[in-house]
Amino acid sequence: MDVSRDADTQTIALVGDPDVVLDGAETVAFDARAAKPVTVDVGNDDVEAVVRRMDFKVDGFSGSALAPVWIDELYAQPMDAPEAESFDFTTRWRLQDPTLVLNAAKQQLDLIVQVGSTLLDGDIRARAVDAGLGSTEEFAAVDVTGKVAVVTRSDTVSASARAANAAAAGAKLLIVVNDADGELSEWVGSEDYTTDVAIPVSAISGVQGRGLLEAIAAPKPVTITGEGIAVAGEVFDIARYSDGSVPENLDYTPKELARIDTTYYGEQGATVGEYRYDFVPSTQYGTGFPMRTERGIERAEWVNTDQVEWYQNVSAIDWGWDIRDVVRAYEPGERTEASYFGSVVRPYVGPGYWAPLRSGDGIQLNLPSWSDGDSAQRTGAFDTYAGTPGIAQSIELHLDGELVKTSQYQGLNGWDIADGEHDVRVVNTATHDGTATPSSTMTRTEWAFSSTWNSTDYTRHILPMLQAYYDVDLDGSGKVGAERKKGTPVRLGLELGHIAGAVGSGAITGATLEARVAGGDWTVIDLDVTSTDDSGPGEPPAGGFPEARAFLTTYDADIRVPDAGGWVDLRVTATDAEGGTFSQEIERAFEAASIK
């Protein structure tokens, strides 16, 4: 239930009795007086909550409250459910550096940064000026150049118009005072919702705003000071799971957090949508929405580890480049590293996408073609269905030496395949113009294998399509071999294997690697086998999404590149014991750093 604790303090309170059974029309009274504040303390007073959520589940019936930005507090009533077979309660927070902190004289303002405004990055110190309702005429009557404009919300001047008027008048920042007691969240960009206004805009409640306007009207000038952090350098993802009750103590202080130092490679300032979904013991599906960050940064990401696992999804917004990680558990006090959008980018099907298969008289190919190089479990793809300029994918399906179907997208479906064994050849070409990432501007991957169709068998049979993972050490700029000395080669790890459970797959029987520096000739590179696995194809994934790899063989290779560095192309071939073949060529697979 929503509770107004005072005129500008809004609260969500979870109250009730999980043992109550409603089997008809009834009037139910809820009493929030027994509810207690739900809080978290990570030992850092400089962060603020940008995600707050409460979940409950009673015998399979679940509910969730995700607090909007104008909610100030969460409360919950401690309770248990002695008559229920199962009952649990989860609280979820994301905490991070505050986007904007402003003070009017010595009073800190309780702000909501408005959607569609430009984020302040750095400090501000400027005089506050009352500009009425924010109309063109009112801005013309005062001087707000280089100052903080303060306007009152109204139906007379739209949110977009008053923000645009403030920017046109030269204001450094706009504060909107709500015309009601409570807080305010509005779109302040262009009227057609396509463009952000060029200045920072924040809103405060009518209660606090009226006091600010009174201070501005006094003879002594009011100075606004503060700081904006456009891109948080530190975030905390915290989920507290309580089995059997809403506990009496709702103040949570997690201990021994794990830290992930995460690098988001790419052009500085390019927008990223990122979220780490929490999976407590009763979670089936993650709940949340992308949060804004940027490429070209490294940040500290903290998580708690007690009865929770985490799944992170990251997208480069401008290009629809989606990277899907896997659900991960962390140890208390663990410190590890992760990265997104780094080399070597190539086609790969990991747990985030369903695997290519045959069923009945059909074949279904799913070939996400832009997986990044951080982990062999990652999968990534551009949205080939969106028509984004500069991005293209082409799939060819050949049966028994004849081209039978093509696709210009990530997927290809073929039907009416005759019963019996067929020789299958799949060619996948993926290109982009280098604006999303300078690496892997072209990949061409080819698979050949045999598979047997039975039109009455609708089991999903995973196809025996070998995959490659390339392991290189990247520095903060995304280059390889940053610490190497004169004449030293670049070390590359290569992993070849099948999706576990692929029908007709076999152990790796041979592999080759070639490399060339852009503009040079192909050179054969020696491969040193470091591990092999011929234990069998493994179990197929129950839901069609890969769960493991099989017949995995790993190699090390030393690639000689000029001391001046440069882009390196790669070409790999492999065969397996069942006669399957694989080849993959990658243009601009990685960039070698120059020697120091």
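**Aromatic rings, nonpolar cores and strand pairing**

Arg 346 lies over the face of Tyr 348, at 4.5 Å from the ring centre, where a charge is taken to sit over a ring if NZ of Lys or CZ of Arg is within 6 Å of the ring centre and within 35 degrees of the ring normal. The charged end of Arg 588 likewise sits over a ring, that of Trp 567, at 4.2 Å from its centre. The model is predicted, with local features needing pLDDT of at least 70 and side-chain atom pairs counting only at pLDDT 80 or more, while totals for chains, interfaces and linings use all residues. Residues are numbered from 1 along each chain as its sequence is written, and side-chain values use heavy atoms, with hydrogens and water left out.

The structure holds 14 aromatic pairs, a pair being rings of Phe, Tyr and Trp (its six-membered ring) whose centres lie within 6.5 Å, with planes under 30 degrees apart counted as stacked, over 60 as edge-to-face and the rest as tilted. One of them is the tilted pair of Trp 321 and Phe 382, with 5.2 Å centre to centre and 40° between the planes. This pair links distant parts of the chain, since Trp 321 belongs to strand E26 (residues 321-324) and Phe 382, 61 residues apart from it, to strand E30 (residues 379-382); strands (E, at least two residues) are DSSP runs numbered from the N terminus. Both Trp 321 and Phe 382 are buried, that is, under 20% relative accessible area, whereas exposed means over 50% and partly exposed lies in between (1.4 Å probe, protein chains only). Tyr 385 and Tyr 409, in turn, form a stacked pair, with 4.9 Å centre to centre and 5° between the planes. Tyr 385 is exposed, with a relative accessible area of 53%, and Tyr 409 is partly exposed, at 40%.

Of the 43 residues in the largest nonpolar core, Leu 570 and Phe 590 touch the most other members; such a core is a set of buried Ala, Val, Leu, Ile, Met, Phe, Trp, Tyr and Cys residues joined through side-chain atoms within 4.5 Å. Strand E44 (residues 581-592) supplies the largest share of this core, five residues. A second, separate core has 27 residues, among them Val 47, Ile 71, Ile 238 and Trp 302.

Strand E13 (residues 122-130) is joined to strand E17 (residues 223-228) by six bridges, and the two run antiparallel, pairing being assigned if DSSP finds at least two bridges between strands. Arg 127 has Thr 223 as its bridge partner in E17.

Definitions and conventions: Helix = DSSP H or I, 4+ residues; strand = E, 2+ residues; numbered from the N terminus.
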